[in-house]
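Welcome, and please open the structure in your viewer. We will go from stop to stop, selecting a few residues each time.

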Amino acid sequence: MPDKPAAVLTGDVIGSTSIAGSNRKRLLKVMEAATKKATTLLPDFKPEIFQGDSFQGYTLMKIQEALRATLFIILYMRKEGFGIRISTGLGTITFESGKSLTSDGTAFHQSGRNMEILKKKDLLLALSIDNEDLQNEWEVHNTALNFLLNRCTGLQAAALLQMLEKKTQQEAANNLHVKQPAIQQRLQAAGWPVIQSILTRFEMQF
């Protein structure tokens with residue numbers, strides 16, 4: 001099988017060992033909902049949840065939407081009161097078994113290698129690319145996205161999710177039952193113009 005370009009998303013819930021009882025069940029439901037919702041952006045994305053607090057999935061069809069999907073899952077979890085770290089790797093798949101956990105390739109290696117770094121540095125997102133020149137640029141974008149995501153509130157996350165689904169501000173206001181100026185204020189405070197420009201850059205490159 002020839003190598004296939006791919007994007008692999010690996011996620012790990014923050015502080016999951018301290019979540020117990022009904023909150024643990026709710027965590028799993030929220031995680032399932034967040035990853036399932038991401039399939040609207042990545043039609044071939046089949047995330048596998050394991051140990052109740054981690055997931056992995058990949059896309060071959062919509063690599064250009066991988067960053068949008070990564071942000072969507074992080075923000076969906078934030079909106080629901082949970083934190084998650086996601087390492088997204090871009091490269092190739094050299095062996096495809098039909099399941100993420102038993103497939104292999106540089107995209108999986110790029111995704112997996114950054115998870116421990118995210119934990120040690122208390123970051124939420126890492127985008128790792130199997131291309132040194134591109135990676136140098138994306139280290140800067142990673143820093144900007146982490147800065148904004150770490151400061152994002154639940155209300156801001158809800159507004160950003162609407163933008164990631166490509167809604168207008170008025171549509172977002174209607175969906176969230178607030179006035180349009182409130183959406184605009186939340187988006188400005190969350191740094192949406194910066195996030196939007198980084199997303200555009202990613203979609204142009206991939």
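Before we start, one term: two residues are in contact when they have heavy atoms within 4.5 Å of each other. Also keep in mind that this is a predicted model.

**Stop 1: helix α8**

Select residues 180-190, which form helix α8, and colour Ile183, Arg186, Leu187 and Ala190, which are buried. Now look down the axis of α8: these buried residues fall within an arc of 100°, so they line one face of the helix.

Which helices do the buried residues of α8 pack against? Show α5 (132-149), α6 (154-164), α7 (169-176) and α9 (192-205) to see these partners. Just after α8 comes Gly191, with a positive phi of about 80°.

**Stop 2: where α6 meets α8**

Keep α6 and α8 on screen. Their axes are 9 Å apart, and the helices pack at an angle of about 100°. That makes α6 roughly perpendicular to α8. From α6, select Leu155, Gln156, Ala159, Leu160 and Met163; they meet Ile183, Arg186, Leu187, Ala189 and Ala190 of α8. Sorted by class, this contact has eight nonpolar residues, one polar and one charged.

**Stop 3: two loop residues**

Next, select Lys166, in the loop between α6 and α7. Lys166 is not a glycine, yet it has a positive phi of about 65°. Is Lys166 buried or exposed? Its relative accessibility is 55%, so Lys166 counts as exposed.

Move on to His177, in the loop between α7 and α8. His177, also a residue other than glycine, has a positive phi, near 60°. With 73% relative accessibility, His177 counts as exposed.

**Stop 4: the nonpolar cores**

Finally, go inside. The largest nonpolar core has 53 residues, and Leu67, Leu71, Ile73 and Met77 touch the most other members. Helix α2 (residues 66-79) supplies the largest share of this core, ten residues.

Centre the view on Ile73. Leaving aside neighbours within four places in sequence, Ile73 is in contact with Leu9, Ala34, Thr35, Ala38, Phe45, Phe55, Ile84 and Ile86.

Note on methods. Residues are numbered from 1 along each chain as its sequence is written. This is a predicted model: local features need pLDDT of at least 70, side-chain atom pairs count only at pLDDT 80 or more; totals for chains, interfaces and linings use all residues. Side-chain values use heavy atoms; hydrogens and water are left out. Buried means under 20% relative accessible area, exposed over 50%, partly exposed in between (1.4 Å probe, protein chains only). Helices (H or I, at least four residues) and strands (E, at least two) are DSSP runs, numbered from the N terminus. The arc is that of the directions from the helix axis to the C-beta atoms. A nonpolar core is a set of buried Ala, Val, Leu, Ile, Met, Phe, Trp, Tyr and Cys residues joined through side-chain atoms within 4.5 Å. Axes are lines fitted to C-alpha atoms, for helices over the stretch in contact, and angles run from 0 to 180 degrees between N-to-C directions. Angles under 35 degrees count as roughly parallel, over 145 as roughly antiparallel, 65 to 115 as roughly perpendicular and the rest as oblique. Ala, Val, Leu, Ile, Met, Phe, Trp, Tyr, Cys and Pro count as nonpolar, Asp, Glu, Lys and Arg as charged, and the others, Gly among them, as polar.
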